[in-house]
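Morning, everyone. Let me put the model on the screen, and then I'll walk through it chain by chain.

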Amino acid sequence: MRAYLLRRAGISLLTLIIASMVVFLGVRAVPGSPATALTGNTDFSQAALAAINRAYGLDNPLPVQYVDWVGQVVAGHLGSSPVTGMSVVTELGNAFPITFELTVLAMLIALLFGIPTGVVAAIRRGRGADYASNGLALFGLSIPSFWFGIMLILLFSVYLKWLPSAGFIPFSQSPGANLAHLVMPAFVLGTGVAAVLMRQTRSGMLETLRTDYVRTARAKGLSEWVVVGKHALRNSLVTVATVIGLQFGILLSGVAVTEEVFGLPGIGQLTINAVFQRDYPTIQAVALLTAAIVILINLLMDFVYMVLSPRVRLAGEL
Amino acid sequence: MNAITGIPRALRAGAVLAVGAVLLAACASTATTPKTAAPKVQNGGTITVGIPNAPTALDPTTEGSLVGRIVFANMCLSLFGVNSQMAVIPVLASALPTVTDGGLLYTIHLRKGVKFNDGTPMNANALKVSLERDKTFPTSARAAVLKPVTSVSVVNNYTVQLTLSQPDAPLTSILAARSGIVMSPTALAREGANFYEDPVCVGPYAFQSRPSLDEVILSRSHHFYGGAPHAQTLIFEAITDPSTCYSDLLSGSINVAGPGCLAPNDYKLLTANSGYNTAQLTSNGYEGMDINVGNGAGWLKPNTPANNPLAAHSQLREALALTINRQTINSVVFGGSNVVGCGPISPSSVYYTKLACPTPNLAEAKTLVQESGVPTPINLTLMVPTGTLNVEQGEIIATDAKPAGFNITVQPTEFTTALATGQAGTYQMFDIGWSGRVDPDQNITSFYTQGSAFDYSGQGPAAMMQLLAQAKATTSVAARKALYFKAEKMMLQDNSIIYLFHLTNQIAYPKSVVGLSFTPDGLLHLGSAGLAGS
Amino acid sequence: MTTVTIPGEGSLPSLIEPSGRGWWRRFSRRPPAVIGLAGVVIVVAVAVFAPLLAHYSPIVSQFGHVLEGPFSAGHILGTDQLGRDELSRLIYGSQTTLEVGVLATLLAMAVAVPIGIASGFYRGAVDMLAMRITDVVLAFPFLLIAVGLAAIFGPSLQNIILALGVAQLPGSVRIARAEAMALREQDFVQAAIVTGVKERVILFRHLFPNMLSPLLVQASVSIPAAILGSALLSFLGLGVQPPTPSWGNMLASAQTYLYNDPWIAIFPGVAIFLTTLSFNLLGDGLRDLFDPSMR
């Protein structure tokens with residue numbers, strides 16, 4: 001098992017390196033440079049623009065720039081943004097906790113709504129509760145997230161005035177305000193994931209409930225709760241673990257628009273602005289960070305999957 | 001290039017008509033309109049202002065965004081400022097500069113008894129340090145406009161002299177902008193290149209923190225020579241989506257919707273809402289259509305004719321200009337919020353002379369097209385930055401030009417890509433604007449000078465460039481006014497930039513916010529502002 | 001947001017084709033599935049017969065009739081901010097919206113299925129490479145890819161389809177791979193290998209046809225995901241560009257007029273919702289149809 005894990009970790013690292021190269025080349029393929037973005041507002045002379053390019057190492061050959069950047073990353077610096085002039089680490093340090101908290105809350109909401117409804121749908125298969133849960137799941141999968149967000153704002157912030165529509169208060173400053181600002185966006189984000197989780201749990205449970213293993217447990221006279229709780233649920237969690245891994249990356253994609261609608265200065269917003277302004281260091285840093293997180297989570301989920309699912313452990317698949 | 005809102009929202013910036021009411025100026029010396037009995041103002045409280053995008057690093061030497069100026073207007077005052085008539089007035093200086101020696105020597109007297117927000121005194125040495133930093137800092141955004149200044153010398157503790165290499169009329173208004181911000185030498189010595197992390201200058205508010213790119217928090221300064229403001233905290237919040245700005249204003253998440261935050265349609269709704277005050281001022285900015293005439297090889301190469309039927313035939317440009325119905329575009333797309341115009345000088349400017357704009361004339365346009373001898377339909381591409389309003393504007397222009405024989409394809413392009421394309425000269429028509437500066441020279445010359453990153457259309461006609469050079473060399477307002485008027489008439493003949501509108505700035509705030517001041521240069525002054533109540 | 005649903009890891013691969021009598025009976029046993037099918041058929045019909053159904057041009061502006069509400073003279077759903085008939089725009093919008101959704105999915109599958117099959121069949125180095133590529137794609141928020149592509153090549157229809165197709169890749173690759181892996185172990189495939197049947201034949205004749213059902217299910221989930229993705233892109237100004245109507249860009253430009261005339265935001269939103277719902281219901285129905293345990 002240890003060998004497997006080491007191998008997986010090694011592969012993850014390789015993936016990360018490839019991802020970093022893709023980002024690095026990708027941003028430079030887009031027309032316009034950070035200097036271009038700056039010329040939108042200020043009348044720089046050619047000499048001044050050249051000075052900026054020099055100051056940020058943008059006139060070096062590509063391989064040199066790449067090596068410089070990798071060196072910086074390993075040393076813990078991520079450079080400064082040519083557009084905002086601020087240190088990228090500072091920018092990320094400000095934005096990341098917001099996105100992280102939002103994503104975690106969204107995941108919690110998804111788990112809270114998705115798994116129980118999935119279980120209920122599986123147990124009460126074919127009956128009202130099943131259809132109702134399915135209906136909710138479909139709702140979550142079919143609604144455009146930004147539209148949903150705007151509708152929620154209209155209802156809860158403008159008409160009812162129960163919740164704030166924008167901004168962010170750190171948890172350390174005021175837990176209540178922090179959650180008030182995050183509940184709607186987390187809900188919007190979590191809905192889609194909840195829907196997927198619900199279906200996964202349902203189909204996983206249905207699978208398990210059909211097996212001989214469970215039939216035997218029932219025949220033995222174990223209470224329904226024990227059957228469902230201990231045996232069926234455990235196996236469903238395997239599927240759930242894989243889905244979480246997959247959904248995390250997708251969540252990080254949907255985060256950007258939700259952050260824009262709710263005025264949360266998180267990574268999503270940072271990325272979008274950075275791309276529009278050709279802020280190479282910021283884009284690279286964010287993409288690398290996101291990739292690292294997704295890869296890490298998938299690695300973790302692989303591990304969980306292995307621990308929970310004896311079949312895989314024995315097969316030792318790649 | 002548009003500097004109204006920075007990138008994603010580009011030219012969706014609200015542009016509104018009507019010269020609205022202006023309120024008390026922060027610490028200006030012009031007559032103000034007396035208000036009715038002032039309501040009681042809270043001592044303390046927080047005012048949150050919504051701005052359309054985040055400022056860059058808050059270092060006056062490097063800062064390059066439009067919204068940055070609004071933040072600085074409250075925490076980093078300049079030597080000079082602008083009043084409600086767009087005239088330059090002294091702020092940190094005690095009077096306008098004395099210009100001698102044929103425009104080559106500027107003597108600036110500083111206001112006495114002024115302290116920086118760290119308590120240290122503002123004096124001539126501080127100004128010298130600031131200006132020299134602006135000129136020499138590697139990534140300075142001020143160096144280009146301060147180029148004519150060759151040396152800064154301290155005459156006495158409150159007097160500074162600037163020596164110029166050539167006369168430069170815009171300099172005073174440049175010193176009314178970010179270049180004139182005086183920074184605390186003590187703070188500079190301590191922070192150096194990291195000044196943006198804790199900028200210290202003179203202002204009613206002092207920088208407190210910037211917890212994220214989108215949020216700037218200022219707290220009132222007790223060192224301010226004009227007296228500490230009522231409100232304790234001033235927060236600037238970047239809100240990129242205009243609908244969000246509107247709902248935030250309604251829900252109370254922000255107290256003031258700053259310039260560019262709201263969409264013109266939502267602004268219109270607020271003007272009818274009795275709970276809110278609204279103000280709209282015509283800015284120095286314009287919206288226009290650049291035609292690639294001489295930028296065929298890109299901005300780094302000399303003037304080259306472009307691959308563009310409009311480049312070779314000036315009648316075609318004239319014909320195109322005659323098909324454009326500015327009124328329709330303004331009312332349908334912008335809800336009437338722009339001011340129709342055909343030149344770069346704004347009606348708010350002291351250099352403005354009323355310019356008669358051509359009325360749309362399809363018959364004449366058709367005649368001109370025929371005269372040019374170019375076979376119709378003439379296929380053209382119009383590059384517009386992405387954004388609903390821009391694209392709608394492009395569509396209307398294309399529709400109106402069709403009967404005259406122009407077949408225009410609208411190409412929505414991501415903003416920075418559009419800038420790069422414009423600079424590279426690989427376009428035919430480019431719908432782009434400029435947020436405007438106080439001095440007309442800064443709104444005109446670079447846009448017609450080959451080699452400037454702003455010049456998308458190529459070198460302007462020689463006679464016109466001469467007029468512009470003359471206008472830059474004299475400080476006489478009357479003389480410059482006449483010269484610019486002549487130049488504008490030439491622009492109407494040349495049509496390499498077809499000016500469509502003068503842009504406006506709109507703000508809105510609930511009646512509970514009082515004492516706010518808004519000047520035509522698009523700046524919000526909150527030094528006397530506060531929340532009503534006790 | 002893009003979502004991908006993988007059939008439960010524990011489920012058996014669907015080898016059983018819906019052929020054989022009674023499949024319609026089984027399918028129609030679940031009303032939601034039939035509703036979904038009906039919805040999809042309606043949307044496709046609207047898209048195909050758009051020129052016949054719409055009374056007005058979707059792109060010609062009428063400045064005298066701006067932002068009229070529903071039930072106004074001649075415009076049953078009202079007009080938009082440039083005076084264009086809302087209903088006609090919705091009808092023509094179905095064409096663009098479906099086009100983007102379907103083409104993005106087809107593109108994704110065209111690339112993903114061969115990769116997945118090869119990956120699942122050959123295992124070893126091929127599999128590892130394919131999985132790494134998938135991981136890298138997964139690691140990037142698709143938004144980044146889409147924005148990048150739009151910036152480089154311009155926000156054209158092709159580029160949107162490309163970006164959305166890339167986003168759908170990982171899901172389809174995994175399904176094709178899982179199916180290929182499972183099918184490989186089946187007796188009939190093993191027999192073919194042992195008797196020396198050419199690999200290409202095995203892949204095309206034995207594997208691919210047997211995974212059509214899960215791929216069909218995946219498509220019915222992928223299409224709505226692509227539709228939602230394109231609406232997201234439109235919100236950022238990078239989707240299908242006006243004047244060509246797509247429900248996504250109609251929704252996005254309606255944001256500015258939300259408080260003046262919410263109807264132009266409600267109708268496209270409802271259209272997107274009902275369409276994606278129909279596809280999802282259909283997908284559910286298909287999944288149940290191909291699920292052997294439902295017999």
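What is chain B built from? It has 15 helices and 21 strands. Its C-alpha atoms fill a box of roughly 70 × 55 × 40 Å along the principal axes. For 534 residues, a compact globule would have a radius of gyration near 24 Å, and chain B comes in at 23 Å, so the two agree. Of those 534 residues, 63% are buried.

One helix to look at here is helix 12 of chain B, residues 415-424. Is it enclosed or open? Nine of its ten residues are buried, so the rest of the structure largely encloses helix 12. The buried ones run B:F415, B:T416, B:T417, B:A418, B:L419, B:A420, B:T421, B:G422 and B:Q423. Just past the end of this helix sits B:G425, with a positive phi of about 75°.

Now the core. The largest nonpolar core counts 316 residues. Which residues have the most contacts inside it? They are B:L92, B:V182, B:C201 and B:A257. Yet the largest share of this core, 14 residues, comes from helix 8 of chain A, residues 175-210. Domain 1 and domain 2 of chain A each put in at least three residues.

Zoom in on B:V182. Leaving out residues up to four places away in sequence, B:V182 touches B:L79, B:L92, B:M122, B:A126, B:L127, B:S130, B:C201 and B:V202. Two of those partners, B:L92 and B:C201, are also on the list of residues with the most contacts in the core.

Over to chain A. Confidence first. Mean pLDDT is 80, and 87% of the residues in chain A reach 70 or more. Where pLDDT is low, the predicted coordinates should not be read in detail.

Chain A splits into domain 1, 2-74, and domain 2, 97-317. How do they meet? Contact between them takes 20 residues of domain 1 and 15 residues of domain 2. On the domain 1 side, helix 1 (2-29), helix 2 (34-38) and helix 4 of chain A each give two or more residues. Helix 1 of chain A supplies the largest share, twelve residues. By class, that side of domain 1 has 13 nonpolar residues, six polar and one charged.

Next, chain A against chain B. The contact takes 42 residues from chain A and 46 from chain B. Which helices of chain A take part? Those with at least two residues each are helix 2, helix 3 (46-55), helix 5 (88-123), helix 7 (145-159), helix 10 (224-261) and helix 11 (267-276). Helix 3 of chain A has the largest share, five residues. The chain A side holds 20 nonpolar, 17 polar and five charged residues.

Then chain B against chain C. Here 21 residues of chain B are in contact with 20 residues of chain C. On the chain B side, two or more residues come from each of helix 5 (242-251), helix 6 (264-271), helix 9 (326-332), helix 11 (388-401) and strand 15 (406-413). Helix 11 of chain B gives the most, five residues. That side of chain B divides into seven nonpolar, ten polar and four charged residues.

Last, chain C itself. How many helices and strands? Twelve helices and zero strands. Of its 295 residues, 56% count as buried. Among contacts in chain C with a separation of 6 or more, 72% link residues 24 or more positions apart.

Why does C:M181 count as partly exposed? It has 18 C-beta neighbours inside 10 Å, and a buried residue needs 20 or more. C:M181 and C:L207 are 26 residues apart in sequence, and their C-alpha atoms are 9.7 Å apart in space.

That's the tour. Questions, please.

Conventions:
Residues are numbered from 1 along each chain as its sequence is written. Chains are lettered from A and ligands numbered from 1 in the order in which they are written. This is a predicted model: local features need pLDDT of at least 70, side-chain atom pairs count only at pLDDT 80 or more; totals for chains, interfaces and linings use all residues. Two residues are in contact if their C-beta atoms, placed from the backbone, lie within 7 Å. Helices (H or I, at least four residues) and strands (E, at least two) are DSSP runs, numbered from the N terminus. Ala, Val, Leu, Ile, Met, Phe, Trp, Tyr, Cys and Pro count as nonpolar, Asp, Glu, Lys and Arg as charged, and the others, Gly among them, as polar. pLDDT is the predictor's confidence in each residue, from 0 to 100. Domain bounds come from an automatic or database domain assignment. The radius of gyration is taken over C-alpha atoms; the globule rule is 2.2 Å times the number of residues to the power 0.38. A residue is buried if 20 or more other C-beta atoms lie within 10 Å of its own, exposed if 12 or fewer, and partly exposed in between; C-beta atoms are placed from the backbone. A nonpolar core is a set of buried Ala, Val, Leu, Ile, Met, Phe, Trp, Tyr and Cys residues joined through C-beta atoms within 7 Å.
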